[in-house]
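Good morning, and thank you for making time for this presentation. Please look at the sequence and the structure on the screen as I go through them.

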Amino acid sequence: MNSILIVEDEIAIARLIEMSLVRAGYECTMVNDGEQAADLIAENSYDLVLLDIMLPGLDGYELLGYLRPTGTPVIFITAKSSLGDRVKGLHLGADDYIVKPFEIEELLARTQSVLRRTGRGGMTLCAFDVCVDTSAKTVRQNGVSVPFTPREFALLEQLLRNRGAALYRDVLYERVWGGDMEDTRTLDLHINRIRKKLFWQDKIETVFKVGYRLKKEEDT
Amino acid sequence: MRFAQKLACVIVLVLAAAFSAGGSVLLYGNFADALQNAAQQNEAQHALACYSLESNMLARHSRGDAVDDEFLKQHMSGTHSAVGKHAAYSAVYRNQAAPETQAVFSNLPAGLENSVGGLPDNQMRYVKIDSRVFALYQTPMIEATGLVSAFDVSEIYAVRTRSVQRFLWLEAAVLACAAVAAVLLSHWLTKPLATLTAASADIAGGAYEKRTCIRTADEIGALSGSFDAMAESVEQTVHALEASVQQRDDFMGAFTHELKTPMTAIIGYADTLRTMQCDPDAQKMAAGYIFGEAKRVETLSQKLLQLLVLSEQHIVLCPVSLFTVLRRVEYASKPWWGKVTVSFAPCAADLLVRADADLLTDLLYNLLHNAVKACDAAGAVTVAHTQTQEGICITVGDNGHGIPAHLLERVTEPFFMVDKSRARRSGGSGIGLALCSKIAALHGTQLTIKSGEHKGTVVSFALQLADKALAPHAAQSDKTSVALAAPRKSAHPGSSNPHRDRGGVQR
């Protein structure tokens, strides 16, 4: 489990990021001003820091200066979208740059890719006896490889990333296939195939009028 | 060709022409004088020779002797030796009609005899033989004889040639010196032009601070002066333009930032809600943030709209009862005073100021809102007014957090917030004071902000007193303005809850 520090002075956004990352299986610490963030950085070590640039106290660029020597990867989260700002951020050594307004999916994808790039994990998602390597796109059950089609894999990844939450059918379809859902059969069919392949008939729950939910360990 | 070169060429040409013309006239004059002097002398000598020959011939006649060739030869040789120092030559002829064949005596240089024929009587002419020039005189004498005298004037011509040569050398030397002088002079004269050219090229290239700095009392000095003045005004204009562009960019940057932050939250929470079935607490939180952030965007857009409208508005100031305005502000703001003590100084009901009633209300409402927000629970806010020589000075003071000195001049910038997180908590967008200062400017005054960190803030502005005689129905007109103003209050500035405030105003 990767620990991530969120430095963002907008509480609404900070909590949104925290909520999303926790659901995706990360351990998060949230802080709302630059000086507190500097203290936390000095005391603890994190796998990734999500950093807003405009902060009360110390700004994001200054904090980046503290973080560089520790080698902690940094993603800037900012409303400054000009090319100059991006280049400045990346030049200073940020690993990625997310511009507000961003979508949660984008945040998760970038978080994962930065963690993977810096060799801090983020490539395997595990549930029960199944481990999924998101970069090699392979699924192993008890160490044995299980063949998955790309769509099935994407669907499984969505379930794993939002484990414990009941996901709406149309959004699942939109994320895996793209576009609006025309018939529910395609999605249901894929879910059933995953259930069969992994013997997860009871692990992937059908939620009435909503969609599907992958159970957490403690639910079973 | 450069101007300096042209100038130098023209100077040298004019000088050469003038010098040559002058020299020629001088040389020709000298030559003509010398020639004339020689001619007079020669003529006199010729006349003397004629006279001497004639008197000898007459004397011989009177003695009865014949004037024969021998006599003539003898006479001529004698005379010649006597006047020989004049380097003169002479000849005596018998036959007038064909003198060249009838020479009795001649010591004329070779070749000159041929020129003798056809010479008009008593007239002089110049004959050039080889490189020598002779002046020839011919006079008919008695006994059908004729005397020819020739004088060598080559020397005069040689002198002329030498003079011309000397003059040419002199002219060449003088012109060379003049050319050098002209080049230097023209270079010196056109140097300021080069400076001007360089300066204008630099300015065209973007170095607007460039000046020529040529300080002379002539036309070039004047040109440079006006050029510098032009550059100065161009520089100022460019800087003003840059500043306004910068201001606009800052405004746009701040605006986008202000807009993007709530947008991110709204999109994010909405996305979460539509993706999965969250537990009721998370759902409530997400919905709460969506509502709150959307409200923020709404407030922001209302205030921005008002700011834009105010920028293009021309208001008419009319007598307004300060008492009525203060009452309206008090009613409208009371709901959000909370635990902060707000006190209004007593105001005479007939105190009239020149203002726009609605805008003045907005201004005071916003200032009061800021003051209350700056205070903690135990804070106190005072709205007071004092009469001064110019009119009336209204102050809104609090004992709240105050503004750090280095941020004081930025507080009226749109979107500027001294303490962003505190401003956010109380629903501020950073436009309130920008609006206030705009309203103050429309009233021909400006906000004076005195503040110290943790010492509170006092904002004051001046208004002109209105002549009571001009507004005999002041009380009545105020009522109308309240009634007219009410619908506009839907876009009330500084309100965290416009609906509630509207009720306050209408009361």
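Predicted model: local features only at pLDDT ≥ 70, side-chain atom pairs only at ≥ 80, totals over all residues.

Let me begin with a term: buried area is the accessible area, taken with a 1.4 Å probe, that two parts lose on being put together, summed over both. By that definition, chain A and chain B bury about 2,400 Å² between them, and carbon and sulfur atoms account for 60% of this area. Within the share that chain A buries against chain B, 20% is supplied by A:E10, A:A12 and A:M19, more than any other three residues.

Who takes part in the contact? Chain A contributes 28 residues and chain B contributes 22 residues. Charged pairs are present as well, with 3 salt bridges counted between chain A and chain B. One of the salt bridges joins A:E174 to B:R274, and the closest N and O atoms of that pair lie 3.1 Å apart.

Is A:I104 buried or exposed? Its relative accessibility is 7%, so A:I104 counts as buried; the cut-off for buried is under 20%. What does A:I104 touch, once its neighbours within four places in sequence are left aside? Its contacts are A:L16 and A:S20 in chain A, together with B:G268 and B:D271 in chain B.

Next, the two chains in turn. Chain A has 220 residues, and buried residues make up 51% of them. Its secondary structure consists of 8 helices and 12 strands. Of the contacts in chain A with a separation of 6 or more, 55% are between residues 24 or more positions apart. Chain A exposes about 10,000 Å², with 49% of that supplied by carbon and sulfur atoms.

Chain B has 507 residues, of which 42% count as buried. There are 12 helices and 13 strands in this chain. For chain B, residues 24 or more positions apart account for 65% of the contacts with a separation of 6 or more. The accessible surface of chain B is about 27,000 Å², and 60% of it belongs to carbon and sulfur atoms.

On that surface, B:F3, B:L193 and B:L223 make a nonpolar patch of about 270 Å². B:F3 lies in helix α1 of chain B, which covers residues 3-63. With a relative accessible area of 49%, B:F3 is partly exposed, because exposed requires over 50%.

Finally, the cysteines. How many disulfides does a search of the whole structure find? Over all chains, the search finds 1 disulfide. The bond is formed by A:C126 and A:C131, with their sulfur atoms 2.3 Å apart. Why is this disulfide called right-handed? The torsion about the S-S bond of A:C126 and A:C131 is about 100 degrees, and the disulfide is therefore right-handed. A:C126 counts as partly exposed at 44% relative accessibility, and A:C131 also counts as partly exposed, at 32%. In chain B, B:C9 is partly exposed with a relative accessible area of 36%, whereas B:C177, at 56% relative accessibility, counts as exposed.

That concludes my presentation, and I thank you for your attention.

How values were computed
Residues numbered from 1 in each chain as written. Chains lettered and ligands numbered in written order. Heavy atoms only, no water. Disulfide = S-S within 2.5 Å. Buried < 20%, exposed > 50% of the residue type's maximum accessible area, 1.4 Å probe, protein only. Patch = residues over 30% accessible without salt bridge, like charges linked within 9 Å, V, L, I, M, F, W, Y side chains within 5 Å. Areas by Shrake-Rupley, 256 points an atom, 1.4 Å probe, with all protein chains shown as cover. Salt bridge = Lys/Arg side-chain N within 4 Å of Asp/Glu carboxyl O. Helix = DSSP H or I, 4+ residues; strand = E, 2+ residues; numbered from the N terminus. Contact = heavy atoms within 4.5 Å.
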